[in-house]
Amino acid sequence: MAATSRDKPLRIAYFTFSYAPFMTGVAVGSHTRIRRLLERGHEVFLIHPEVNEHFPSEFLNRQMPGLEELVEFPGFTSATYPTLPHPFQKSHPEPCSWKHWSDTQLLEQFQPDITLISGAAAMKGMTSLGLGGYGKPIGVEYGQRAGVPTVVIFETYMFSYAELRFGRPAGRLARPLLRYLLTRFSDAYTTTFFPSKVQQERYRNLGIPKSEHVAFHGTDSDTYCQENIAYDPLPNDKRPMALYVARLTPEKNLPTLFRAFQIVHQKVPNTHLVVVGGGEELENVRKLARPFGNSVTVWGESFGNELKGLYARADVFANPSITENFCTTNMEALASGTPIVAANAGGNSEQITDGINGFLSRPNDPRDMADKIVRILQDETLREELSRGARKSGMELDTWHAAGRLESAMWQLIDEASGKTSLRAAAKEEIPSRRVTGSVATSAGR
């Protein structure tokens, strides 16, 4: 690999496990990250999941930011890979096997300076216990051949997910196997970028040392801001409002939210809880909400100005999840000037500072969460102070700054790799660069 001049744009290949219209934090984070890298003048080749007849048709109607915001950049190209629904989460895509498409072929055509993989373990098939997925570490074969750094963008703490989905005893029994598989998996890559120091330390304690803390995850503080109150979808509802926004899945710990709201409702009876999101727990959430009557609104999925208006309208944002990496919706709330009460677990503690932009509550403790929500709702002066602190925090977490940190980390890896091999320089002389677009789907089989 020849040295790359920092006066030239980077050529970045970016694989993602989820992208619009699939609604996840991975999808939102990948999109905003890529847009910022393009704005900084780099070339990005996005390889994302295809939407096909195996998924509900309503996915096509989601008004999420996606390719239409990126195609205007001259440095942007894209391709899709064939997918089937995830075995355990039917609304999410999972790559078809390497027998049906080739990551190496795509990378040989694009010839990147560096390859990023968002949700690499999930793309391989580790979250489906090998029942689906690509079956190989994405990007590694090409990276080793061409001397190009291949980097995992960390998204999910798999041990917590395993315990929540299969039960704590089963999850703990599976921990040694998961640890072994993750160690071997991580060793195949140049490194893993962790946006959360807490999660990075967890993985280091598991014996996975190849990692770096890079605060690459952020939100657009121009898109999410207090001025979005102009889009308030509840203009005639003057009740104090608590807001939850995320996928409705077991790992989000929604029963704790409803137990907390029961206490809030007793102390501030006119409080309105709005639950925004879709997912496999939607019907269970509706059952949890039913006893509260019109004090709880299960909104469903929300996009665009409506979602921005809900963030800006809310008096407090509640997040009971104990599995967060570096939560996207936390950052959207902060940028909107909305104080947060979140479980003191995962990356939440790196986004929320007690008494500055919200409060951290004891994990799985609905009473502590409720007491902190009530404190914000009942004290207007405190709420206004926390709102100012939230907005300031949201601006510090803006994606422009985050993309700059990611850019610096990528350059460092490329500079290190350039001293090890000149294979890529020789290859570039023989093979002209080509723009790549379209789909690589050849079959819908696993």
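Strand β7, which spans residues 150-153, is covered on both faces, with T150 and V152 buried on one side and V151 and I153 buried on the other. Buried here means under 20% relative accessible area, exposed means over 50%, and partly exposed lies in between, with a 1.4 Å probe and protein chains only. In a regular strand the side chains alternate between the two faces of the sheet. Strands (E, at least two residues) and helices (H or I, at least four residues) are DSSP runs, numbered from the N terminus. The model is a predicted one, in which local features need pLDDT of at least 70 and side-chain atom pairs count only at pLDDT 80 or more, while totals for chains, interfaces and linings use all residues. Residues are numbered from 1 along each chain as its sequence is written, and side-chain values use heavy atoms, with hydrogens and water left out.

Strand β7 has a parallel neighbour in strand β6 (residues 114-118), to which four bridges join it; two strands are taken to pair if DSSP finds at least two bridges between them. Within this pairing, T115 has T150 of β7 as its bridge partner. Strand β7 also runs parallel to strand β8 (residues 191-194), with three bridges between the two, and here the bridge partner of V151 is T191 in β8.

Another parallel pairing links strand β1 (residues 11-16) to β2 through five bridges, and in it I12 stands opposite V44 of β2. Strand β2 covers residues 43-49, and because six of its seven residues are buried, it is largely enclosed by the rest of the structure.

The charged side chains come next. A salt bridge is counted where a side-chain nitrogen of Lys or Arg lies within 4 Å of a carboxyl oxygen of Asp or Glu, and by this rule the model holds 22 salt bridges. One of them joins E39 to R36, with the closest N and O atoms 2.9 Å apart. These two residues are three apart in helix α1 (residues 25-39), so about one helical turn separates E39 from R36.

In helix α13, E396 and K392 lie four residues apart, about one turn of the helix, and their side chains meet in a salt bridge with an N to O distance of 2.8 Å. E396 is partly exposed with a relative accessible area of 45%, while K392, at 52%, is exposed.

Helix α13 (residues 380-396) also contains E385, which is partly exposed at 42% relative accessible area. E385 gathers with D379, E380 and E384 in a surface patch of negative charge. Such a patch is made of residues with over 30% relative accessible area and no salt bridge, with like charges joined within 9 Å, and nonpolar side chains (Val, Leu, Ile, Met, Phe, Trp, Tyr) within 5 Å.

Most residues other than glycine have a negative phi, and most peptide bonds are trans. In the loop between β1 and α1 lies P21, and the peptide bond that joins A20 to P21 is cis, with omega about 15°. N253, in the loop between β10 (241-245) and α8 (254-267), is not a glycine and yet has a positive phi, near 65°; N253 is buried, at 13% relative accessibility. N364 likewise has a positive phi, about 60°, without being a glycine. The place of N364 is the loop between β15 and α12 (366-378), where N364 is partly exposed at 42% relative accessible area.

I352 is buried, with a relative accessibility of 2%, and its C-alpha atom is 8.9 Å from that of L334, a residue 18 positions away along the chain.

Notes. Accessible areas come from the Shrake-Rupley method with a 1.4 Å probe; for residues, only the protein chains shown count as cover. Lys and Arg count as positive and Asp and Glu as negative; His and the chain ends are not counted. The place of a charge is taken as NZ of Lys, CZ of Arg, CG of Asp or CD of Glu.
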